[in-house]
Amino acid sequence: MRSHALPKSLLLAVLGCVVLSGCGTRSATTDQALAGSSVQAAATAPDAAASDEDQELRFMELLTRDVPRCNQYVAKEKGGLPEDLPEPDPGVTPPNREEEVPLNAYEECFGAEEAQRVGEAFKNTKPAGYEAMQKKLTELGYPAARIHRMPDHAGAPRARVDLRMMGGRLALEVTGTGTGVTVEAFGASEEEGVNLAEVKRKPKSQPKP
C-alpha cells in the first residue's frame, strides 16, 4: 500500500519551493529557509533518526533541485510544457495498474537526473547486501519508507525507490553490480494502493542483429 500523505504545512512549503524553482534559480533566502526547516525538524525529533516528516521534506527538497534543469530540457527538447492527458476512451480496456507505465517528458528528465546521482554515489562501491544498499540510499535523502526490497538479481541486492508524489509515476530500480550499481527509471501507476514492489516491468527490447 502506498501512503505518503503530508502535513499541510509541509505540503505548502514544498509547493512554494517548486514554484520558485520553476521560475528560475532558487534564492539564497529560500534555500536558507528550507535548510532551516530541515535542521529544526531534525533537532525536535524524539530520537537520533529523522522523523518521517523530516525525511519527506528532505526528499522533496532533493527533487526540487532538478526542476529548473528539467524545465529547460522540456522547453528545448519537447517544444514546451506537456499537454494534459486526454480523457480515457470508455471503449478501451484500461491498462493493468500493476504493470509498468510510460513516463512523460518531465519524469524522464527527473529519472535521468536521479539515476545518475545514485549511480555516481555507488561508483566503485559494491554493496555488500540489501541493508548496505538501503543505508546508502537513505543517506542520499530517500526516505526508508520509499525504499522497497526486491528479490536479488543473480545474487546481487536489488531495491526500488518510490519517487511518486502529487500524481507522478516515477520510480527507480537499483541493482548491485561488481563495481557499484545500475539504476533504471521506470513508471508505476500513481493510483493509491499500487505496491511498487509488485509492479511488473516491461521486458527490455533487444537490439536488432
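The backbone oxygen of Val199 sits 2.8 Å from a polar side-chain atom of Arg160, a polar contact (N or O atoms within 3.5 Å, one able to donate a hydrogen and the other to accept it, with sequence neighbours counted only if both atoms are side-chain atoms). This is a predicted model, where local features need pLDDT of at least 70 and side-chain atom pairs pLDDT 80 or more, while totals for chains, interfaces and linings use all residues. Numbering runs from 1 along each chain as its sequence is written, and side-chain values use heavy atoms, without hydrogens or water.

**Arg160**
- Arg160 belongs to strand β2, residues 156-162 (strands are DSSP E runs of at least two residues, helices H or I runs of at least four, numbered from the N terminus).
- Its relative accessibility is 3%, so Arg160 counts as buried (under 20% relative accessible area, 1.4 Å probe, protein chains only).
- The Arg160 side chain also reaches the backbone oxygen of Leu196, at 2.8 Å.
- Contacts of Arg160 (heavy atoms within 4.5 Å) include His148, Phe186 and Arg201, leaving aside residues up to four places away in sequence.

**Disulfide**
- Cys70 and Cys109 form a disulfide with sulfurs 2.1 Å apart (the cut-off is 2.5 Å).
- That pair ties helix α4 to helix α5, 39 residues apart.
- The link of Cys70 and Cys109 is left-handed, at -90 degrees about the S-S bond.
- Cys70 is buried at 0% relative accessible area, and Cys109 is buried at 8%.

**Helix α5**
- Asn104 caps the N-terminal end of α5, with a side-chain oxygen 3.1 Å from the backbone nitrogen of Tyr106.
- Buried residues of α5 pack against α3, α4, α6, β3 and β4.

Note on methods: Buried means under 20% relative accessible area, exposed over 50%, partly exposed in between (1.4 Å probe, protein chains only).
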